[in-house]
Amino acid sequence: MSDVDGGVPVGSYSKIELKNFSIAFNLEDQDDIPNIRNVKYKSSSDHLCCAICQQPFIQPLTTVCGHTFCKECIYEFLKVQHQRSSRSRTNGSDDEEEDSGRLIGSCPLDRTPLDSSKINELFPTPLIISNLVDELEVYCLNYERGCEWTGCRWELDHHVLSDCGYTGVACHGYRTVDSVDKEENEGEETKKQTDICKMLVERRFLEEPRSKTVGDGDRDQEEYECIHKVYECTLCQARITKIEEGKHLQSSCPYNYTKCKLCFNDMIPMMNLAKHEENCGKAGHLKCPAHEIGCDWVGNSDTSLEIHLQNNNCQLSKLLPYMKNLNNKIDDLSKENSLLHRQINKILNSIISGKVTNLGYHEPMEEINRFSSELSSIENQDKLLFLNCELNRLKFELDDKILPFVNRETTARSDRESILNGLVNDNFMMKDDLNLQRALVNSLRKQLQFMLFKRNSPPGLQSGGLGGGMGGPIRSSVSFAEPESVEFFDIPSSSNSEEKLNLKL
Amino acid sequence: MSLCKTRLQEERKLWRKDHPFGFFAKPIKAEDGSLDLTTWTAGIPGKQNTLWEGATYPITITFPEEYPSKPPKVKFPAEFYHPNVYPSGTICLSILNEEQDWRPAITLKQIVLGIQELLTSPNPDSPAQEPAWRAFLKEKDVYEKKIKEQAKRYISTT
């Protein structure tokens, strides 16, 4: 008759253990994080699988040779390789260089040398890949306990941590324990002691508020009794606990009667209801099509059903299409709502894990906050207004006063530039003239010297020269070439100084 | 669950999904009835039209804790007659050697196919046992006779 061992007395605590499967998740500590390595995938692609663990990537890293592995896998592999190589190295020579974190090895697929400390040899995979693996459909970690949830991998954390009713949590209910068997105090017969249950139960068995106050506020917890406490079923006196209550009433309590809606027999145990209704249906009992929204009519034949539906007998059946519409809409909306919920969670998660940085702002988040808080204070807003006015004034001044001046200046400058060009040209022309003049002057000087020489020469020679015709002066000029050349040497120096003068002009 | 265990579960899944014809491989059952994923038994069929045909050679595969970073250890029964099998039964194969060609990406399927290949084409450069190696190099007829005898011992049940 009873579900629990007959020997378990009422008021004691049963020792029902939480069914533990290899991958099922228990939230024993606030910091427990579900291990997605254990997840069962609904769908997967070979291309998204790590060559080391043969599972879809988890926190993938890509190598310089283009291969992608899970972070854990590739580090584990490099560690083993590193250990081996350093062992063989220390065997040969006793050097103990051990940079922690730096692992040197080779790619598990093509043996390209890898150094984990070099970001260009082992770097995070492009987001598109990690997003693709995060989108893969998975089953709930607690599926072996009966959770039917499926969804994207990135949603799993949120689901098991806060939604899934099959996640194991500590009961934390208060137990009252008789301390008779411990120390017997004189005077007091039995002292009631309280104790906190530490056994794990599936979260769905706990009342809603308790799961939220786990760990904080002892007062709150006192209100809850340990759900492992055994009590008697009010109907059949079987000994049950809260954990088994629902199942017991549904499927094994023989006195949990309900009423069959077809034959009005109210002595049908819940456990037999489904079978009974099936039989009733076979026996010709019919329900009104509107029974879903509350019409209690039942009949024995099709004709009576027709009569029921005609003549406004059944108002509810008229509402049926409308209600169905509403239901569909509600379904759609709740689906959409849950989708939005998930998306918000995803965005929040990605912000926490740093995938989306600052939502497109250039500054770090804190900067933005600081700035906006400054802007919001009234004093600063006044200052800002003043600064704005000042800026406008300055702009006006620049436009009206300074710009025309600047324009005038530029035209004047271009004028002056053209004048200067003219002057430079003139200068060149004058220089040419000057050179011409100088050549003339030089020739004149030569002539003058020649004439002076002629005048100072002895008369005899002059007469001989006359007799000798034109041969005389030529000969003389040859014979007196030396003293003349001394003078000639002076001329270039003087002309040099002249040239310098010219250049200065 | 450790990396080793998850990988082995994946291997099991992969094997059940698809494996080469004539082969079998399964984890052994521990005493309490649960599966011990770290030790597998497998059968390698000899290739058709070779000395080895008609028999399925049993192997035991032991996966170390560091698998897949380290290769599994694969053994034939002791005294298995093959130039590259140690007297203890351990197989000398480059893809099963951590120092040589082992890569974590090598799957169980590749391992068993590699062993099947090794049966028919031994590597005389890395002998692991004296009698088979000597016979393989010098006395072909003795070698062939021995192999055929061995094939009869491991004759396929199917």
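In chain B of this predicted model, B:Ser88 is placed in the loop that runs between strand E4 (73-75) and helix H2 (108-120), where helices (H or I, at least four residues) and strands (E, at least two) are DSSP runs numbered from the N terminus. With a relative accessibility of 39%, B:Ser88 counts as partly exposed; buried denotes under 20% relative accessible area, exposed over 50%, and partly exposed the range in between (1.4 Å probe, protein chains only). Leaving aside neighbours within four places in sequence, B:Ser88 is in contact (heavy atoms within 4.5 Å) with B:Lys75, B:Phe76 and B:Ala78. The C-alpha atoms of B:Ser88 and B:Phe76 are separated by 8.1 Å, the two residues being 12 residues apart along the chain. The side chain of B:Ser88 also makes a polar contact with that of B:Thr90, at 3.1 Å; a polar contact is a pair of N or O atoms within 3.5 Å, of which, within protein, one must be able to donate a hydrogen and the other to accept it, while residues adjacent in sequence count only if both atoms are side-chain atoms.

Residues are numbered from 1 along each chain as its sequence is written, and chains are lettered from A and ligands numbered from 1 in the order in which they are written. Local features need pLDDT of at least 70 and side-chain atom pairs count only at pLDDT 80 or more, whereas totals for chains, interfaces and linings use all residues; side-chain values use heavy atoms, with hydrogens and water left out.

The secondary structure of chain B comprises 4 helices and 4 strands, which follow the pattern α-β-β-β-β-α-α-α along the sequence. Of its 158 residues, 44% count as buried, and among the contacts in chain B with a separation of 6 or more, 54% are accounted for by residues 24 or more positions apart.

The contact between the two chains takes 20 residues from chain B and 18 residues from chain A. Together the chains bury about 1700 Å², 56% of it on carbon and sulfur atoms, buried area being the accessible area (1.4 Å probe) that two parts lose on being put together, summed over both. Across this interface 1 salt bridge is found, a salt bridge being a side-chain nitrogen of Lys or Arg within 4 Å of a carboxyl oxygen of Asp or Glu; B:Glu98 and A:Arg84 meet in a salt bridge through their side chains (2.8 Å, N to O). Between chain B and chain A, 8 residue pairs are in polar contact (both at pLDDT 80 or more).

Two arginines illustrate the contact between the chains. B:Arg7, in helix H1 (residues 3-17) of chain B, is buried, with a relative accessible area of 0%, and its side chain reaches the backbone oxygen of A:Ala51 at 3.3 Å. Not counting residues up to four places away in sequence, B:Arg7 touches residues of both chains, including A:Ile52, A:Cys53, B:Tyr67 and B:Pro104. A:Arg37 lies in the loop between strand E1 (26-27) and strand E2 (60-63) of chain A and counts as buried at 2% relative accessibility. The side chains of A:Arg37 and A:Glu72 are joined by a polar contact of 2.8 Å, and the residues in contact with A:Arg37, leaving aside neighbours within four places in sequence, include A:Cys53, B:Leu3 and B:Thr6.
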